Amino acid sequence: MKGIEEQIRATSSQLLATGDVQMVIGYGAGSDNTKTMPVFIKRAEDVGKLVFNPLCVSNLANYLLQWKNFEGKIAIVVKGCDSRSIIRLLQDKQIEREKIIVLGVSCPGQLKSGQAEAKIPADAVVSEAAVDNSGFKLQTSGGLITFSLDEGLLEKCRQCESSRPVISDHLFGEKGFEADKADLQFNDVAALEGAPLEEKSSYWDKYFERCLRCYACRNSCPACSCRECVFDMVEPDWVAKTVNLSDNSAFHLIRAFHVAGRCTDCGECERVCPADIPLRTLNRKIIKDIKELFGAPMPGSDLEALPALSFYAVNDPESQN
Amino acid sequence: MQRIGVFICWCGSNIGGVVDVPAVAREAAKFHGVVYSAEYKYMCSEPGQEMIVSAIKEHRLTGVVVASCSPALHELTFRKNIARAGLNPYMLEMANIREQCSWVHQHEPEKATKKAVDLVRRAVAKARKLEPLFESAIPVTKRALIIGGGIAGIQAALDIADAGNEVVIIEREPTIGGKMVLLDKTFPTLDCSACISTPKMVSAAQHPNIKIYTYAEVEEVKGYIGNFSVTIKQKARSVNSKCTGCGTCWAKCPTKNIPNEFDMGMSTRKAIYIPFPQAVPNRPVIDRERCRQFVKGKCGVCKKFCPTDAIDYEQGDEFVTENVGAILAATGYDLIDWTKIYGEYGYGKYPDVITGLHFERMVNASGPTGGKILRPSDGEQPKTIVFIKCVGSRDEAKAREYCSRACCMYTAKHAHQVLEKIPGSQVVIFYIDVRCAGKAYEEFYLKTLHEGAIYTRGRVSKIYPEGDKLIVKGADTLLGRPVEVVADLVVLATAMIPSAGSADVARTVGFTVDKDGFFQEAHPKLRPVETNTGGVFLAGACQGPKDIPDTVAQASGAAAKIIGLLSHSEIAGEPTISSVNEAICSGCLACQGICPYRAIEPKEIVERLPGKQVTRVVASVNSGLCQGCGACTVACRPGALNLKGFTNEQLLSEVDALCQ
């Protein structure tokens, strides 16, 4: 992965130096050695701050929304999964294609949260990382640390449809992680679908009950680009602001419907949730349904394929009834 | 602060016999915002209406709730009523306590009363949030566009033009006339189809108010009721307006033996041709796919012989824009291609299995056989002719579920013509039902029956050749036994389907089609000649299979509607349409894709941010196109789109009131 990191730095340096872009959004070293954090590089001499390793779990696409009025062009580092968010933002007309340069990475896989913290000593510096079929190998100042794929691989990577970015101007990394076909069948959702009603109800109640209504899921979501969110509105007061099971459930279900057909399964909502609510499962249920009902591809995987619920067609099966 | 008056109607015993109306009025008086509550036997009667007017004045009411029948019945009545008292007509909300309460809960008066109170509470909650709405004035261009120059289009054009309006007809074929000019005689009167339709074609062509584009198609439609801008693609005819129709070119043209579409391919035409001698306009076209000049790059015979220099090989497609106030779709029908579906009838392999339209051309004196009924295979006169009805119609399994309506009658007519023209002939008709609902139709059928046509109830399961005969195997389901007929000719009454390309017309103009692809009328009974798109009307078989009398009647009906629309210089625009809250709109334009009426367009606005101005895109609603369906308001996640008269705030307060 050192190679990818070096390529990102070199390309960024060139783009900044020539004035092709005025800012690069990428990953930088985090507050501790088991995390990365977003960095916003505006000068070519700062590209050394950019990193790429199996700790680059987060999706940076949402920052494009926050820099919507930035005067100039932005280059952004995206993994395969994150690249769908770029298409999401383009289809939602929140960014202009000519104002961004996509630095795509064919992603070898990312480390499960908690695993890195458990194994990497706090004072060890990660110098080199590699992922292959046998697992993760992290070269650190404290020696080689390994994780098998089973123990280390992030759940969403296991279900990865395309580790190679679906949109990019520069592509780094030759071959990304290839998921087992059996893991792409939405078996996780199907298992829950098959459960008795009471069981499903108590499953979700258990999680929704502990929602803090911090809205981190919404704030990190690239499909949430509303200028004013319905959950913040006072008039009309669509959803009560109180924190209790009933209103929390309404919040999560409405949010799921608002991203229905548009959610690209980037997994940010679940990653940022401090209450560990399995939000991906909720969104993936709708992705699965829409796939089955409309034959729609994974949202964001094709710029030309508009979200299934977003257009009127004369020959829509629904309008024939 | 709203001052709301509630008026509860007994509707005689319709409501009063079930619901305790005085009790509802007493409860309503307690609702927040209500300053006056009353009940009366018939609110819609003159004393009832007077009661509302005087209460508005006396109690300085700002909004009115009428609890009575469905708003579909009397909303307009009460809107006008409160306007008389000086209120904005849209400051009215109705609670339907008849259809949705007393009628359906007749046996539970107490619960019905409780429900009526709930429904009135809901209406009051909405009334508190009502805002005055104002109708916009839309100017009307007093011209109409008719798509399709068949008998429906021609009839409507003449009616509209005679009323003093300009009409533009677009016909994609080189001549107007449609299917009717192909036909021989028309049932039940047996008058000559061409003899009654060609004079109408000429009338249309010579009418000072009618402009005809033949060999043309609708390219694009912009605008809305009263104000359409239509781009017409005039396909290259390769013959310019200097042409006098003298006929030298098609006489001299060396490219022969092209199957003539007008005769269902049973005769031939040249590469430069008019479809038939009475074509309007009497101006040929060059079939560029077959003309030697175009295919091989050399010939030029027609150009050489043309006495008026009317041949123009360089002519390209031209685009013309016409502004009109109304559009009539009259695109007609085609016959289903049975050869792709009915293997048991030979997939079109046997030349002596033909369709009703082939028969029409054959029996027509100006047709390919000069009016003689002959077998296409050997030109011999057939003695035994089998007619099979419902080929493709009423066949849910293989083709269309519906009845094509005209086939029973034209098959009876064909049978009559066979028996008349071929002495000693035998006619066997296989049918499912004989449907002759029409003036003098049943009589015509009985006449054919008495002339000797053999009606056999049952489907034909197989046709196969044996020698120069066709063996037709079927069942007589009345006698419950198999039937086998040795036939010389088989005529299939094939299903009527929407004409090819009609879906494109619907999409281009912007209206809906039904499950079979026929154009969807706004209401099957009460608005049969209108579409759901304002200013767009329908006539003829494009709306569903029909015969000539029904088509012409519908065309005149649609014409009356269009004349009514064009008689105004301005029409009132519905105020209950969508509007955009630009502050909230993020410009994702999900609403644009979802709108069936293409009423939403992006618009740039300039916004001030700290230290700078930014331009951003928001949605905007075209008030002429918006039909107030509300699809956009649902698609918009933050609710930036709001339907006036049904705003999010109003709906939510209604829900809150009902959940109390």
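1. Basis. This is a predicted model, in which local features need pLDDT of at least 70, side-chain atom pairs count only at pLDDT 80 or more, and totals for chains, interfaces and linings use all residues. Residues are numbered from 1 along each chain as its sequence is written, with chains lettered from A and ligands numbered from 1 in the order in which they are written.

2. Confidence in chain A. The mean pLDDT of chain A is 92, and 98% of its residues reach 70 or more; pLDDT is the predictor's confidence in each residue, from 0 to 100. Within chain A, strand β4 (residues 74-78) has the highest mean, at 98, and strand β6 (residues 126-132) the lowest, at 81. Helices (H or I, at least four residues) and strands (E, at least two) are DSSP runs, numbered from the N terminus. Where pLDDT is low, the predicted coordinates should not be read in detail.

3. Domains of chain A. Chain A is assigned domain 1 (2-182) and domain 2 (185-310); the bounds come from an automatic or database domain assignment. Taken over C-alpha atoms, the centres of these two domains of chain A are 25 Å apart. Their contact takes 23 residues from domain 1 and 19 residues from domain 2 of chain A, where two residues are in contact if their C-beta atoms, placed from the backbone, lie within 7 Å. On the domain 1 side, α2 (62-66) and α3 (80-91) of chain A each supply at least two residues, and α3(A) gives the largest share, nine residues. By class, that side has 10 nonpolar, seven polar and six charged residues. Ala, Val, Leu, Ile, Met, Phe, Trp, Tyr, Cys and Pro count as nonpolar, Asp, Glu, Lys and Arg as charged, and the others, Gly among them, as polar.

4. Domains of chain B. The assignment for chain B gives domain 1 (4-128), domain 2 (143-235 + 317-332 + 499-566), domain 3 (248-305), domain 4 (334-497) and domain 5 (578-644). In chain B, 14 residues of domain 2 are in contact with 21 residues of domain 4. The domain 2 side of this contact in chain B has seven nonpolar, two polar and five charged residues. The centres of domain 2 and domain 4 of chain B, over C-alpha atoms, are separated by 30 Å.

5. Contact between the chains. Chain B contributes 25 residues and chain A 21 residues. On the chain B side, the elements giving two or more residues are α15 (502-509), α17 (590-594), β33 (612-621) and α19 (648-658) of chain B. That side of chain B has 15 nonpolar, six polar and four charged residues.

6. Helices α7 and α8 of chain B. The axes of α7 (residues 151-162) and α8 (residues 193-206) of chain B come within 10 Å and cross at roughly 50°. Axes are lines fitted to C-alpha atoms, for helices over the stretch in contact, and angles run from 0 to 180 degrees between N-to-C directions. The contact joins I151(B), I154(B), A157(B) and L158(B) of α7(B) to S197(B), K200(B), M201(B), S203(B) and A204(B) of α8(B). Its residues are six nonpolar, two polar and one charged.

7. Helices α3 and α4 of chain B. The axes of α3 (residues 46-58) and α4 (residues 71-84) of chain B come within 9 Å and cross at roughly 40°. The contact is formed by Q49(B), I52(B), V53(B) and I56(B) of α3(B) with N81(B), I82(B) and R84(B) of α4(B).
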